[in-house]
Each structure stands twice: as structure tokens, then as C-alpha cells.
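Visitor: I'd like to learn how to read a few features off a model like this one. Could you take me through them one at a time?

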Amino acid sequence: VMDLNNFGNAVLFTFHIIFCILKACLRLLLPSRRKDLRGEVVLITGGGRGIGRHLGKEFAKHGAKKLILWGRTEKCLMETCKEISLTTGAECHYFLCDVANREEVYKQAKVVREKVGDVTILVNNAAVVHGKSLMASDDDALMKTQHINTLGQFWTTKAFLPRMLELCHGHVVCINSILSLSSIPGAIDYCTSKASSLAFMESLTLGLLDCPGVGCTTVLPFHTNTDMFQGMRVRFPQLFPPLNPELVAQRTVDAVRTNTPFIYLPWTMHALVILKSFLPQAALEEIQRFSGCYTCMDTFKGRT
């Protein structure tokens, strides 16, 4: 009897997997319904420059009711906030907040709720990169990267997710990196933090499957043309050109509107995931060597 039960469960499981694959393929062929962002209150960490700046403008363009920018540099936050308000007419606020500081995150989250309202879309975008090998890295700099890129997401999500769950309405977004899946030398702090961040989002996404109205989106872009990675060199820029931050912002907002859990930018990065799943390590190392991954950070001079 047990054997028959196990066989029946195996058959049922197989058919369920096939059904899920067919359903996913059908969704790719059919146009997705896009939710209206009017009325949403969007908070973006690292919102003063780079991808965060463009995310603010893109959310405002799609009708977000209020925008809140968090960051550590007041000049950048103020300029971005003014630009968004002037060009889109959206209500925009900014607050100084270091996401690496847990108590500061909780304190500023309370201020945001009192002054602006409940955050319904949280975008964890803040990140730093040290850009050195392990032995050349300062211990404090290594810790700083982990605290901002990984632990910061714990604190911001814990601060705003409970209210989303109460309202049965909300979305948590993470701007990650393709380096979380394929590390490179010279950015060991960044790659490690992004791999941890990806695991965090995978776990969070699964944990919220049974929570109606609350979703997650993780964006894994290739090298993006911002001053954060200034000087990073790709061996074949014609084949793998750096992404524009405007494009990353557009695709991120679209993924939120379609409730897409994970997106790879560009779409060719899916091939990387597939190759890593079956190629031997020696072959992967040769591909990385040939593509210049081993030396791409040699000319790095970006900011932290």
C-alpha cells in the first residue's frame, strides 16, 4: 500500500510540475496585467543618486502618490527630491538614514510613518563596493559592505513589512546584482554581500507566498553604468555593454507592476544560470578567464 501511495504521489507531483511549467510559459506569451501605482507610497534606500535616483523618477512617472528617499548624503537627496517634484509633480520627501545602523533605521521608519504615512513599496537599493581583494581589504570596510548591502535589508524590511501584512498590501524590492550568482575577483566584499542578499530575498519571497496582497521582486542586473562601478572594464563591451540605470529603473518598476519575483538584466544572463548548473568548474573558469572577469576590476576607481 505504501508503495502504491508513493507511486501515486510521484505521478501527481510530476503532473503538477508540468502544469506549473506550462502555466509559466503561457504567462510569457500573454500580456501581463499591470497594477496601478497611483496611491502607492514608495521608499527607496540609496535614493539620492545612481539607480536609486532613476527609480524615484520612474515610480513618480507611473503615478506613485508619495516618494521617500533615504540616503547618507543630504546634497544628493535634496537635488533628486527637487528634480522629481519639479519634473513629475509628485510629492517627494527625503530623510538622512544609514541603513547599516539598525536603531537609526527603526527611528527614521517611525518618523516616516508619522510625517508621510504607511510605506507600501519598499525598495532596498542602497549598496557600497570596496573593490579590493580579500587580503588588500580593510576589515572595517569589509564589515561596512556587509552591514549596508545585506543587514540593512533586514532592518528596513522588519521596519515596514509588518504594516504591509496588516494592510494586505505591499511590495518589497531588492536591487541585487548578477554578481550574486557569478562572483569576480577584486569585489569579494560586494559579491559576498549580494549572494547573502539574494538568499534573503529568496527566503522572504517563499515566506510571503501565502500572504495575499504582499509581493517581492529581486532585480539582478549586469554591470550598470553608474559612478559606483566607475573604471570597471569589460573585455567585450560590444557583446556585453553596461546597462543604463534608466533601463534598470524601468524594468524594476515594470516588474513590480506585474508582480514578477525575479528578473535578470539583460535577459541573456539566464544563460549564465543555465551554464553554471551543468558545466564543470574548469570550463566555467576558462570562460571567465576568456571573458576578462579575472581582470575587470583592475582599473576600478568607483566610489564607496
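Guide: Let's start with helices: helices (H or I, at least four residues) and strands (E, at least two) are DSSP runs, numbered from the N terminus. Here, helix α1 covers residues 2–29, and isoleucine 18 lies in it. Keep in mind that this is a predicted model: local features need pLDDT of at least 70, side-chain atom pairs count only at pLDDT 80 or more, and totals for chains, interfaces and linings use all residues. Residues are numbered from 1 along each chain as its sequence is written, and side-chain values use heavy atoms, with hydrogens and water left out.

Visitor: Which residues form the nonpolar patch on the surface?

Guide: Patches take residues with over 30% relative accessible area and no salt bridge, joining like charges within 9 Å and nonpolar side chains (Val, Leu, Ile, Met, Phe, Trp, Tyr) within 5 Å. Areas come from the Shrake-Rupley method with a 1.4 Å probe, and for residues only the protein chains shown count as cover. In this model, Phe7, Val11, Phe15, Ile18 and Leu22 form such a patch, with about 520 Å² of accessible area together.

Visitor: How many salt bridges does the rule give?

Guide: The rule asks for a side-chain nitrogen of Lys or Arg within 4 Å of a carboxyl oxygen of Asp or Glu. That gives nine salt bridges. One of them pairs lysine 75 with glutamate 79, at 2.9 Å from N to O. These two are separated by about one helical turn because they sit four residues apart in helix α3 (residues 74–88). Lysine 75 is exposed at 57% relative accessibility, whereas glutamate 79 is partly exposed at 36%.

Visitor: What about arginine 163 and glutamate 166: how many residues apart are they in helix α5?

Guide: Three residues, about one turn of helix α5 (residues 139–167). Arginine 163 is partly exposed at 32%, and glutamate 166 is exposed at 57%.

Visitor: And which residues are linked in a network of salt bridges?

Guide: Arg53, Lys57 and Glu83 are linked that way.

Notes
Buried < 20%, exposed > 50% of the residue type's maximum accessible area, 1.4 Å probe, protein only.
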